[in-house]
Amino acid sequence: MRRLLLTLLFCSAAALACPGGACGKGSSGYSASPLGTLHYALKIMELHGDPQIRLALQSYRSRVAAIPRGLETDAFKNGAFDRDMFLQKSVGTQRAEAQADLFEQVYAALDVPQRRELHRLMAAHQYYLSLTGSQAASCAPGSCPSKPGCGSAPSRNCP
């Protein structure tokens, strides 16, 4: 039950973090998703070539590809709705479980200093994406391009 609650919390946090599907790749070239952040950190740490890491990533991709798409109808039987079955078989829950397994496998392949470095890089990447996302919003058409992160030359309408 605890794992289910943690999974639901993770899924809802991910949904709220990206309203309207507006999130994508940041200016770093890596997406703001947990997997994009992990790839960013692994590249900086030069761990993509590690056999255990490659196997964990390949296992994750295979597992996500095997998740059936669409609505799970087994939860709607005999005129009743089975909430637990619906949540257990939902695409979001299965994807979150696959991500959790990926992180467990990656952490198992790393020693303690590497785990600390991975955490530091992932946190830094998420922080950077949050900064660039807020700057991108302030760089809307008609805004001043001399604002930090917007551009270099001020327009006639900018102070």
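Setting aside neighbours within four places in sequence, I53 is in contact with L42, L47, V106, A109 and L110. That makes a handy way into this structure, which is a predicted model.

First, the overall layout. The protein chain holds 6 helices and 2 strands, and from the N terminus on they come in the order α-α-α-β-β-α-α-α. Of the 159 residues in the protein chain, 23% are buried. If you take the contacts with a separation of 6 or more, 57% of them are between residues 24 or more positions apart.

Now to the core. The largest nonpolar core counts 19 residues, and I53 is among those with the most contacts inside it, along with L38, L42, L57, L102, V106 and L118. Helices α2, α3, α5 and α6 (112–138) each put in at least two residues, and α3 gives the most, with 5 residues. As a general matter, nonpolar side chains in soluble globular proteins tend to be buried together.

In general, a packed pair of helices is described by the angle between the axes and the distance between them.

| Helix pair | Angle between axes | Axis distance |
|---|---|---|
| α2 (residues 34–44) and α3 (residues 51–65) | about 165° | 13 Å |
| α3 and α5 (residues 91–109) | roughly 170° | within 9 Å |

Take α2 and α3 to begin with. Angles over 145 degrees count as roughly antiparallel, and with an angle of about 165°, α2 is therefore roughly antiparallel to α3. Their crossing is left-handed. On the α2 side the contact uses L35, L38, H39 and L42, which meet I53, L57, Y60 and R61 of α3. Sorted by class, the residues of this contact are 6 nonpolar, 1 polar and 1 charged.

Just after α2, the backbone does something worth a look, as E46 takes a positive phi of about 55°.

On to the other partner. Helices α3 and α5 are also described as roughly antiparallel to each other. From α3, the contact draws on Q52, I53, A56, L57, S59, Y60, R63 and V64, while α5 brings R95, E97, A98, Q99, D101, L102, Q105, V106 and A109. By class, this contact of α3 with α5 has 9 nonpolar, 4 polar and 4 charged residues. I53 and L57 turn up here as well as in the contact with α2.

Two more residues are worth a stop. H125 is found in helix α6 and is buried, with a relative accessible area of 2%.

Q88 sits in helix α4 (residues 83–88) and counts as exposed, at 53% relative accessibility. Leaving out residues up to four places away in sequence, Q88 touches T93 and Q94. Between the C-alpha atoms of Q88 and E72, which are 16 residues apart along the chain, the separation is 9.8 Å.

How values were computed
Residues are numbered from 1 along each chain as its sequence is written. This is a predicted model: local features need pLDDT of at least 70, side-chain atom pairs count only at pLDDT 80 or more; totals for chains, interfaces and linings use all residues. Side-chain values use heavy atoms; hydrogens and water are left out. Axes are lines fitted to C-alpha atoms, for helices over the stretch in contact, and angles run from 0 to 180 degrees between N-to-C directions. Helices (H or I, at least four residues) and strands (E, at least two) are DSSP runs, numbered from the N terminus. Angles under 35 degrees count as roughly parallel, over 145 as roughly antiparallel, 65 to 115 as roughly perpendicular and the rest as oblique. A crossing is left-handed if the near helix is turned anticlockwise from the far one by less than a right angle, and right-handed if clockwise. Contact means heavy atoms within 4.5 Å. Ala, Val, Leu, Ile, Met, Phe, Trp, Tyr, Cys and Pro count as nonpolar, Asp, Glu, Lys and Arg as charged, and the others, Gly among them, as polar. A nonpolar core is a set of buried Ala, Val, Leu, Ile, Met, Phe, Trp, Tyr and Cys residues joined through side-chain atoms within 4.5 Å. Buried means under 20% relative accessible area, exposed over 50%, partly exposed in between (1.4 Å probe, protein chains only).
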